[in-house]
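Please look over the structure shown here. A short briefing on its fold and its chain contact comes after it.

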Amino acid sequence: MVAQNVFFGIIAFVMICSAFKVVTTKNVIHAALWLVVVLAGVAGQFLLLGAEFVGVTQILVYIGAVVVLLLFGVMLTKASLGEEADLNMPNRVLPAVIAALMFGVMTYALIDTFRDTELPRESVTNAAMVSDSIFADYIVPFEAVSVLLLAALIGAVVVARKE
Amino acid sequence: MISVLALDPAWWQQTFLIKVPIGLLAVLLPAGTIVYLYLFKAISFMQSRLGPMEAGPYGSMQLLAEVGKWLQKEDIFPTKADKFVFAAAPFVVLMSTFLLVVIIPAGPDAIFVDLDAGIYFAMAVSSVSVIGILMAGWSSANKYSLLGGIRAAGQLIAYELPLILAVVGVVIQAGTMNMQGIVLAQAEGEILGWGGIGNPFIFTQFIGFFIFMVAVQAELTQAPFDMPVAESELVTGYLTEYSGIRFLLFFIGEFASAAVFSAIAAVLFFGGWYVPGIDPTNDIFNVIGPLILAGKMMAIAFLIFWFRFTFPRFREDQLQRLAWKFLIPLSLANITLTGLLKVVV
């Protein structure tokens, strides 16, 4: 476990630095690329925990799809090289308060839920266990999410299509 | 896909120092073979010419000469380019190829990492190369490069879906996402009760194989889907500003991914390292498995390059229409049919 703890620390440090770069860099594309580093770090943490399926999904969905679409969108519209002056948000107080609140709520929820409970090391999931729990215990939420996504998909088609 | 396996597998599995050179060889050797046999020779014969003949016997050392030439060339950076992103882009593309190699089984024990969700991992890392291509296109500070990068991204996003959906059919039939499991499912399968040659999924998943190969052709941006580097429209797309070793890296990436995707197709549809007649648990497969897999891989790679050499380039809208309106519905139908048959039979 010691090697895993060391690597957890290293990856977490890289992730935090990259996350800072995402919001401080002066170029939109650079921000998106730093975001790739953060998300790859999340995938790495999942892999360290042995949650291989979740880690791979993280790569496929976030790096392979979300960031690529983000880059694609930015490059189609405006993708200037070098520093951009107008990237900073003029009103910084409100977002900072919201971010601090979010952090507080999530930290409190995590600590309050788990406290001293030590999670069993074998609770880690491979693909078969993930699918078993999705299609047995969580079938209703799963179907609800599917319908929601389908609705979003149809909505996108309606918005995009020409009359 | 480990093409050379004269070593004791139990030893190299534990030794990083052995794994890395074998990994390099597993990427570079098939890529080099494909370039020489298909890109230099097969296309020449199709065009009634001899191809390279001077360097080595039948021009077989031509590739080494080319690599030497590229290594000597100046590594040019455009003045306005984003230096770091420009320099890093080819490595991102190549990294995704190298990560693909680790899950390809070349024998019962001859595999770098036997991941539980192997094929899913392959689909995920293959999607990372898009980021490298977008980085290359954007950082070159060149309109043609940017257009090429955007075209590549649109194409890769569109064809990733049929690629993954085609694999789902195989996964349903095999009942596992593990690459070794898929090989064994084919080796131990039976065709209508006859187990003489196992059950290569090509017989039941031929629709899936068709979709997979079309999608791979597009993912590799080989003609007829080579709009991102369309030389008559975009110079060479996102590669325009690259020279010397960085161009070489993109070049290796292109042909190594062709080799890797052919190997994945061989595992998914043609039984991977297995040949009929020998028990799949026999240790001999650790020795002959890589060769068998390499043979199957080269046969499939020939298909890719045959299409590349004979088909004219599509238009961008035709490309998107083919993916979204034909391949994706077809692959969904294939999944439905496979699922139904899996439950019924």
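Predicted model: local features only at pLDDT ≥ 70, side-chain atom pairs only at ≥ 80, totals over all residues.

Residues are numbered from 1 along each chain as its sequence is written, while chains are lettered from A and ligands numbered from 1 in the order in which they are written.

**Fold of chain A**

- Chain A has six helices and zero strands, where helices (H or I, at least four residues) and strands (E, at least two) are DSSP runs numbered from the N terminus.
- The radius of gyration of chain A, taken over C-alpha atoms, is 20 Å, well over the 15 Å that the globule rule (2.2 Å times the number of residues to the power 0.38) gives for 163 residues, so chain A is more spread out than a compact globule.
- The C-alpha trace of chain A spans about 50 × 45 × 30 Å along its principal axes.

**Contact between the chains**

- The contact takes 20 residues from chain A and 26 residues from chain B; two residues are in contact if their C-beta atoms, placed from the backbone, lie within 7 Å.
- On the side of chain B that touches chain A, helix 5 (118-126), helix 6 (129-139) and helix 7 (143-174) of chain B each supply at least two residues.
- Helix 7 of chain B gives the most to that side, with six residues.
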